[in-house]
Amino acid sequence: MQNILFVGWNAPKIGRESQAGELFTSVSNFFSRHLKGGKITSFDPVILVSHGGDLNGFFLVKGEPQHLEVIRTSDEFIKLSMQCNYALHGFGVLTGYTGDSLQKLMGDWMKMVK
């Protein structure tokens, strides 16, 4: 039922800044290929302004749940994730809900709490 991937990070690890920059390009290219191939509907890279928190950037990737799951569990994405864990503090991947999936989830929740 999820229909987004949230791929977030804090900051590059000291001495791995160059690798982190290259990974940003690699991950962008990875999602661009899946967008062109019709496996995702959109992706937005976001860099946040300095705010003292532990989230400094993310990719918000939208698509059909089954396609996102195939992407998330692909060998290429797992390898990119391992590289990101090596180069970045606070790297993580979450699934989530928007649009119709969110409406269904909230409807089910509202029924439960009544």
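The model is predicted: local features require pLDDT of at least 70, side-chain atom pairs count only at pLDDT 80 or more, and totals for chains, interfaces and linings use all residues. Residues are numbered from 1 along each chain as its sequence is written, and side-chain values use heavy atoms, with hydrogens and water left out. Helices (H or I, at least four residues) and strands (E, at least two) are DSSP runs, numbered from the N terminus. Residues are called buried under 20% relative accessible area, exposed over 50%, and partly exposed in between (1.4 Å probe, protein chains only).

**Helix α1**

- Helix α1 comprises the 20 residues 17-36; at 1.5 Å a residue it should span 28 Å, and its end C-alpha atoms are 29 Å apart, which agrees. The expected span is 1.5 Å times one less than the number of residues in the helix.
- The buried residues of α1 are Ala-20, Leu-23, Val-27, Ser-28, Phe-30, Phe-31 and His-34. Viewed down the axis of α1, these buried residues fall within an arc of 160°, so they line one face of the helix. The arc is taken from the directions that run from the helix axis to the C-beta atoms.
- Elements covering the buried residues of α1 include the strands β1 (4-9), β2 (42-47) and β3 (57-62), together with the helices α2 (65-72) and α3 (75-87). Contact here means heavy atoms within 4.5 Å.
- On the face of α1 turned away from its buried side lie the exposed residues Ser-18, Glu-22 and Lys-36.
- Just after α1, Gly-38 adopts a positive phi of about 80°.

**Salt bridges**

- Side chains of opposite charge can pair when their charged atoms come close. A salt bridge is counted when a side-chain nitrogen of Lys or Arg lies within 4 Å of a carboxyl oxygen of Asp or Glu. The count by this rule is three.
- Glu-76 and Arg-33 form a salt bridge with an N to O distance of 2.5 Å. This pair links distant parts of the chain, with Glu-76 in helix α3 and Arg-33 in helix α1, 43 residues apart. Glu-76 is partly exposed at 38% relative accessibility, and Arg-33 is partly exposed at 44%.
- Within helix α2, Arg-72 and Glu-69 lie three residues apart, about one turn of the helix. Their closest N and O atoms are 2.7 Å apart in a salt bridge. Arg-72 is partly exposed at 31%, as is Glu-69 at 30%.
- Asp-108 and Lys-104 meet in a salt bridge of 2.8 Å, N to O. These residues are four apart in helix α4, and therefore about one helical turn separates them. Asp-108 has a relative accessible area of 35% and is partly exposed; Lys-104 is also partly exposed, at 46%.

- Tyr-97, Leu-102, Met-106, Trp-109, Met-110, Met-112 and Val-113 make a nonpolar surface patch of about 670 Å². Patches consist of residues with over 30% relative accessible area and no salt bridge; like charges are joined within 9 Å, and nonpolar side chains (Val, Leu, Ile, Met, Phe, Trp, Tyr) within 5 Å. Accessible areas come from the Shrake-Rupley method with a 1.4 Å probe, and for residues only the protein chains shown count as cover.
- Met-110, one of the patch residues, is located in helix α4 (residues 99-113). Its relative accessible area of 37% makes Met-110 partly exposed.
- Asp-108, also in helix α4, is 58 residues from Ser-50 in sequence and 37 Å from Ser-50 in space, C-alpha to C-alpha.
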